[in-house]
Amino acid sequence: MKYFFLPTHLAFLCSFALSKPVQIATRKNDIGREIAVYEGDILLRRGRRSAINCESCLWPKSQDGLVKVPVNISSDFSITERSWIVDALQEISTLTCVQFINRTTETDYVYVERAQSCWSYFGKIGGRQAVGLVKNGCMDKGAIQHEMNHALGFIHEQARSDRDRFVKIMWEHIVAGEQGNFGKMNSKNLGLPYDYSSVMHYGAYDFSSTPGKPTIVPVPDPSIPIGQREGLSNLDVAKINKLYKCNCCSSVLPKPKGSFSSVNYPSPYPNNSNCLWLIRTRRSKIFLQFEAFDLQSSLDCSSDYIKIYNGNSKSSPVLLDKYCGKGPLPSLVASGSTMLVEFASDESITATGFRASYNRVNCGATFRDSKGVITSPNYPNKYPKNRACFWVITSPAGYKISLKMLSFELEYSDRCIYDYLLIHDGSRPMSPAVGPYCGTEKVADFTSTGNFVLVEFHSDLVWELPGFVMSYTFAR
């Protein structure tokens, strides 16, 4: 029997029963016991073939409100692979009350092993509970999360009881003998919407017998993408938090651009809140700016604050440490495709909060060192076409920022409308600017009036030239 990894869109269920007979294969575990395999990657213990009662297979909650799941990762994985697994699990731990911890002496734990296919047991089974990952098949973040979500008690999304309202199964396109992988459950759906973008949804062409012929078609709009493996969707997070009764305020922002605000904005935000926004773009950097900012002021911002991380967890490098009071708040550029925004308030007086927006950019960075160098992409080689880059420089209060252009050659055009450079006296694209500069014209030395500068560079789809290099320093 061949076992398949299924790119799926999970419907997490507290309990379910099969609505009709489906194909269940078997395999043997590491001690030779026969295990039932349902829908390609879900392992069921003997006696659970016709129904699964997940009330008894949830991981327990501690008195501190956290659901602690001990994990041991096999040494068969490389250091890089282990870091991928840790990163995927850390995203779940950041956004939910489910905390994956290093296993020490715990009896019940998850053992992540290198396998010939990708699979997981359903829910907590007790003892050493294996999750299988294969290098070429399920080492993407969302794929790892997919298998671990099975271990938390979630099944595939397109198996939901209400799936026929949202997708059509194209039975005629499914490989002969694999129809059982498209079963439907009498499921409890936690009162949450169907999620096309979950890490637990099958892909459109899984088990297709004919290239280009989908096995699952979204309705009424067949163009809706399904089966992503970039990471948890916003509803994936909501599902975990609801199933495990987590008191969490967390959201995923996966679009190329968007906006978000503190709770109740522009009315005062609530006391004793802690909210997280994970911004995740696809293969690009993130430019974040605040249009409004008003938090209760306190010494070292120990009461209410915004804190921003250069990654997907609180263990990622800090882009902006605790910040409070009234603006201006500097714009920021993440070094990668994820940025985590944390907002916290205490039990005392509140303010109106904040409103922020983000866009993806091709290149850029956030600088806080007292001096440095900024170059166009690929410098001293020619810069690539179709690029938008933002570099934000932030100096300590009381310091200004001085820029000096050392080399400059961009495509020339009248009014610099194709390739160009702008220098903003502030950290936002709407801040006053000098420029645009293009061609080989002299770029005058620049000194800011405050402690923020935004350097903005754009290239179009035609010419590529050497670009620029500039230095900056802080000055009183």
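Student: To begin, are E91 and R280 buried or exposed?
Tutor: Both E91 and R280 are buried; buried means under 20% relative accessible area, exposed over 50% and partly exposed in between, with a 1.4 Å probe and protein chains only.

Student: And what sort of model is this?
Tutor: This is a predicted model, in which local features need pLDDT of at least 70 and side-chain atom pairs count only at pLDDT 80 or more, while totals for chains, interfaces and linings use all residues. Residues are numbered from 1 along each chain as its sequence is written, and side-chain values use heavy atoms, with hydrogens and water left out.

Student: Back to E91 and R280: what do their side chains form?
Tutor: They meet in a salt bridge, 2.9 Å from N to O. The pair connects distant parts of the chain, with E91 in helix α1 and R280 in strand β17 (residues 274-280), 189 residues apart. A salt bridge here is a side-chain nitrogen of Lys or Arg within 4 Å of a carboxyl oxygen of Asp or Glu. Helices (H or I, at least four residues) and strands (E, at least two) are DSSP runs, numbered from the N terminus.

Student: What about E81 and R114?
Tutor: Their side chains form a salt bridge of 2.4 Å, N to O. E81 belongs to helix α1 (residues 79-95) and R114 to strand β9 (residues 109-114), so this pair ties together parts that are 33 residues apart in sequence. E81 counts as buried at 4% relative accessibility, whereas R114 is partly exposed at 31%.

Student: And where does K404 come in?
Tutor: K404 forms a salt bridge with D445, the closest N and O atoms being 3.6 Å apart. Since D445 lies in the loop between β30 (433-437) and β31 (446-447) and K404 in strand β28 (residues 400-409), the pair ties together parts 41 residues apart in sequence. D445 is exposed, with a relative accessible area of 52%, and K404 is partly exposed, at 44%.

Student: Changing topic, how many disulfides are there?
Tutor: The count is six disulfides, a disulfide being a pair of cysteine sulfur atoms within 2.5 Å. Counting bonded cysteines along the chain, the pattern is 1-4, 2-3, 5-6, 7-8, 9-10, 11-12.

Student: Which cysteine is joined to C97?
Tutor: C97 is joined to C246, with an S to S distance of 2.0 Å. The link is left-handed, with -60° about the S-S bond. It connects distant parts of the chain: C97 is in the loop between α1 and β8 (98-102), and C246 is in the loop between α3 and β15 (249-253), 149 residues apart. Both C97 and C246 are buried.

Student: What is the geometry for C118 and C138?
Tutor: Their sulfur atoms are 2.1 Å apart, and with -90° about the S-S bond the link is left-handed. C118 lies in the loop between β9 and β10 (119-121) and C138 in the loop between β11 (128-133) and α2 (141-152), so the pair ties together parts 20 residues apart in sequence. Relative accessibility is 1% for C118 and 0% for C138, and both count as buried.

Student: One last item: what is the phi of K245?
Tutor: Just after α3, K245 takes a positive phi of about 55°. Within helix α3 (residues 234-243), the buried residues include V237, I240 and L243.
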